[in-house]
Amino acid sequence: MDPVLFNDWHPVAPASHIAAGALLATDLLDTRVVLWRDSGGALHAWEDRCPHRGTRLSLGVLRDDTLRCAYHGWRFGGDGRCQHIPALPALGEAHLKARVASYQVQELYELAWVCLGTPGDNAPPRFPEFADPALRKVWCGHYDVQSSAPRIVENFLDMAHFAFVHEGILGEQQHAAIPDYMVENFDDAEYGAGVRASRCRAWQPQASQAATAGGDIDYTYRVVRPLTAILTKQAPGALREAIALLLQPLTETSTRVRIILALDDFNASDDALRAFQDTIFLQDQPILESQHPARLPLTPGAEVSVACDRMSLAYRAYLKQQNLHYGVIR
């Protein structure tokens, strides 16, 4: 298991989707996970696997803050310890050694975040715009993509595809040129540490759902974790917007994508804003799923790069510096 991601936090579900008394199954880093909320409202994240014969615990029943396996009825308490085996009713709880693997879980940005390992002082990535009361929050997705998470982050950082993949919305082929921009490492109190591209500019026919005309848009990209990036964009005199790309690596080559918008557009409906974001991402999806290899190559010379790929190259260098192995080719 890649220690970089194993000891990091990952978004796994909207917190509101985990109702008391219900079980929610998901996957993270090739690990089956079951999420549930106890009667006191606390979240639990367990390996979705009964230690007896490997059955998914999410097929079972949750009652009185205990989870009963669907296969043999073994019952597990909130601490993951087995409390009862129906086939051996005389066996007291003190003699039951089986325990379900449990993981750390917390709620942030109205999402449930899970760490499979030991986060230490690590917290989920910072998204300062989420705390800004002047900005409205809209959750988009999820989108399931047959691609590695690093490929998806790199696509998010790429402006040169706007004129072709998103023609008529985020770009036009007669405006395909990408002006030079600044790339640097950063470490600040707002976003934490990572790599940043600033002074990015692109001409866009419709930069947002609310846009009524084309214009030059200023972008700043920040990679704040190996699988988390935040884009802020501003047109002169127009709306301000921040887009957080939050990825759940299901496997090395399959990823669940969630996006949170923080913006000062209070006129469009949530559905309209989501529909615009759906249009953009669903244009990206077939491109991402066509890329070969699906894992992002970090080896020099594996893919040809040019000057406007400087942020992509900085992201790849950042992943190497982080010593990431999952979802990449080193």
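Student: Over residues 9-114, how much of the chain is helix and how much is strand?
Tutor: Over that stretch the chain is 0% helix and 42% strand. Its end C-alpha atoms are 5 Å apart. Helices (H or I, at least four residues) and strands (E, at least two) are DSSP runs, numbered from the N terminus. This is a predicted model: local features need pLDDT of at least 70, side-chain atom pairs count only at pLDDT 80 or more, and totals for chains, interfaces and linings use all residues. Residues are numbered from 1 along each chain as its sequence is written, and side-chain values use heavy atoms, without hydrogens and water.

Student: Which UniProt annotation covers residues 9-114?
Tutor: An unreviewed UniProt entry gives "domain: Rieske" there. Such annotations may be inferred rather than shown by experiment.

Student: New topic. How many disulfides are there?
Tutor: Zero, taking a disulfide as a pair of cysteine sulfur atoms within 2.5 Å. For C200, the nearest cysteine sulfur is that of C308, 11 Å away.

Student: Is C200 buried or exposed?
Tutor: C200 is buried, because its relative accessibility is 1%. Buried means under 20% relative accessible area, exposed over 50%, partly exposed in between (1.4 Å probe, protein chains only). C308, at 29%, is partly exposed.

Student: Now helix α4. Which of its residues are buried?
Tutor: Among them are L273, F276, Q277, I280 and F281.

Student: What do the buried residues of α4 pack against?
Tutor: Their partners include β11 (136-145), α2 (149-156) and β16 (240-251). Contact here means heavy atoms within 4.5 Å.
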